[in-house]
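Please find below a colleague's note on the model, arranged as numbered points.

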Amino acid sequence: MKKIIFVLVLISIILISSCGKKTTEPENKGFLEGGFLEGKVTINQRCPEGDFSDCKSESEIYKTRKIVIYTENRTSIIKEISLDQKGNYKTDLNAGNYLVDIVDINYFNVDKSSDVPKKVKIESGQTFTLNINIDVGIR
């Protein structure tokens, strides 16, 4: 009788511990089915004629901008990506449709670009390149 109880308890432990584990799908499934979004942001910074005191260094002007990736209908933010010191960015995304925009985290709202917002389609194993040219409007 003790052996039967022991076997039943052992079987129960094995069954309970295997619940919730999926052995047919890799843990990182979304990434394996995704692709990449990358690009370069170019900021046309014009300083007032002869006055370079207000001009920021290249790394400073990129530090205040972020690439924002939204759901296709812009109802929620999927990711925010910082630019490197040269204005480059790259991120991984699940395959699907997204809306990409750029924001100035200082909220000066002087940036103008015909390149964004832009709908993009990320395909599995592919890289989508979106370069963004910004005119800050300072003359």
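1. The largest nonpolar core has 21 residues, and those with the most contacts inside it are Val41, Ile67, Tyr89 and Ile132. At least two residues of this core come from each of E1, helix H3 (58–63), E2, E4, E5, E6 and strand E8 (132–135). A nonpolar core here is a set of buried Ala, Val, Leu, Ile, Met, Phe, Trp, Tyr and Cys residues joined through side-chain atoms within 4.5 Å. Buried means under 20% relative accessible area, exposed over 50%, and partly exposed in between (1.4 Å probe, protein chains only). Helices (H or I, at least four residues) and strands (E, at least two) are DSSP runs numbered from the N terminus.

2. The model is predicted: local features need pLDDT of at least 70, side-chain atom pairs count only at pLDDT 80 or more, and totals for chains, interfaces and linings use all residues. Residues are numbered from 1 along each chain as its sequence is written, and side-chain values use heavy atoms, with hydrogens and water left out.

3. Valine 41 is in contact (heavy atoms within 4.5 Å) with Tyr62, Ile67, Leu83, Lys86, Gly87, Tyr89, Ile102, Ile132 and Ile134, residues up to four places away in sequence not being counted.

4. Four salt bridges are found in a search of the whole structure, the criterion being a side-chain nitrogen of Lys or Arg within 4 Å of a carboxyl oxygen of Asp or Glu. One of them joins the side chains of glutamate 38 and lysine 90 (3.8 Å, N to O). Because glutamate 38 lies in strand E1 (residues 35–44) and lysine 90 in strand E4, this pair ties together parts that are 52 residues apart in sequence. Glutamate 38 has a relative accessible area of 26% and is therefore partly exposed.

5. Arginine 65 and aspartate 104 form a salt bridge through their side chains (3.9 Å, N to O). Arginine 65 belongs to strand E2 and aspartate 104 to strand E5 (residues 96–104), so the pair ties together parts 39 residues apart in sequence. Both arginine 65 and aspartate 104 are buried.

6. In the salt bridge between aspartate 101 and arginine 74, the closest N and O atoms are 2.9 Å apart. Aspartate 101 lies in strand E5 and arginine 74 in the loop between E2 and strand E3 (77–82), so parts 27 residues apart in sequence are tied together. Aspartate 101 counts as buried at 11% relative accessibility, whereas arginine 74, at 37%, counts as partly exposed.

7. Isoleucine 69 is located in strand E2 (residues 65–71) and is buried, at 0% relative accessibility. Its C-alpha atom is separated by 6.6 Å from that of aspartate 101, 32 residues away along the chain. Beyond four places in sequence, the residues that isoleucine 69 touches include Leu37, Ile81, Thr91, Leu93 and Val100.

8. Is threonine 91 buried or exposed? Threonine 91, in strand E4 (residues 88–93), counts as buried because its relative accessibility is 9%. Its side chain makes a polar contact of 2.7 Å with that of lysine 79. A polar contact is a pair of N or O atoms within 3.5 Å; within protein, one must be able to donate a hydrogen and the other to accept it, and residues adjacent in sequence count only if both atoms are side-chain atoms.

9. Lysine 118, in strand E6 (residues 118–122), is partly exposed at 35% relative accessibility. Lysine 118 and leucine 130 are 12 residues apart in sequence and 8.7 Å apart in space, C-alpha to C-alpha.
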